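Hi,

Here is the structure I promised to pass on. Have a look at it first, and then read my notes below.

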Amino acid sequence: MKLTKRANKETMRITREQLRELVEEPFFSQGERCFQEGMLELLDIEKDRVSARAMGAKFCFSSVYREYGELAGDCTCTFYTMYDSCKHIAATGLALMAHNQAGYRPSKTYEEQTEFFSGAYRLLS
């Protein structure tokens, strides 16, 4: 998948402090590792929402958005279901900040694993 919208003056902007308020430990630190390892891909960036696909044991989809003026997030992973927070939300916010500053690209490992799993899925279909 490729990012469907490019950063512009209407792109969502957040600060590290806002993200830290949204995502508590240990999820924030785990999200930093996920981001630093480049294990997620930004899918869509809008004025009040960013969406991403992250890879771990399996793919999950996460979003960071503004709701009634407050920063919020959600994810399809099991941890979000249990704890209402997860590392993928933190990683998505960090990737957004990097994208707004100098650009963000997933790691080569992420791209290779994505291609591998996509190929395996096609074979099983």
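A cut-off to start with: buried means under 20% relative accessible area, exposed means over 50%, and partly exposed is whatever falls in between. By that rule Arg 20, with a relative accessible area of 38%, is partly exposed. Keep in mind that this is a predicted model.

Salt bridges first. How many salt bridges does the structure hold? There are four of them, and I'll go through some here. Arg 16 pairs with Glu 32, with the closest N and O atoms 2.1 Å apart. Arg 16 sits in helix α1 (residues 16-22) and Glu 32 in helix α2 (residues 27-36), so this pair ties together parts that are 16 residues apart in sequence.

Another of the salt bridges joins the side chains of Arg 105 and Glu 111, at 3.1 Å from N to O. Here Arg 105 is exposed, at 60% relative accessible area, while Glu 111 is partly exposed at 33%.

Now for the backbone. Most residues other than glycine have a negative phi, and most peptide bonds are trans, so a few spots are worth a look. Glu 25 turns up again: the peptide bond from Glu 25 to Pro 26 is cis, with omega near 5°. Pro 26 is in the loop between α1 and α2.

Which residues other than glycine have a positive phi? Tyr 68 is one of them, with phi near 55°, and Asp 84 is another, with phi near 60°. Tyr 68 is placed in the loop between β3 (59-67) and β4 (70-75), and it is exposed, with a relative accessible area of 82%. Asp 84 lies in the loop between α3 (78-83) and α4 (87-101), and at 58% relative accessibility it also counts as exposed.

The antiparallel strands β3 and β4 are joined by six bridges; to pick out a bridge pair, Val 64 has Gly 73 in β4 as its partner.

Is α4 largely enclosed or largely open? Of its 15 residues, 13 are buried, so α4 is largely enclosed by the rest of the structure. Its length checks out too: at 1.5 Å a residue, the 15 residues should span 21 Å, and the end C-alpha atoms of α4 are 21 Å apart, which agrees.

That's what I have for now.

Cheers

Technical notes: Residues are numbered from 1 along each chain as its sequence is written. This is a predicted model: local features need pLDDT of at least 70, side-chain atom pairs count only at pLDDT 80 or more; totals for chains, interfaces and linings use all residues. Side-chain values use heavy atoms; hydrogens and water are left out. A salt bridge is a side-chain nitrogen of Lys or Arg within 4 Å of a carboxyl oxygen of Asp or Glu. Helices (H or I, at least four residues) and strands (E, at least two) are DSSP runs, numbered from the N terminus. Buried means under 20% relative accessible area, exposed over 50%, partly exposed in between (1.4 Å probe, protein chains only). The expected span of a helix is 1.5 Å times one less than its number of residues. Two strands pair if DSSP finds at least two bridges between them.
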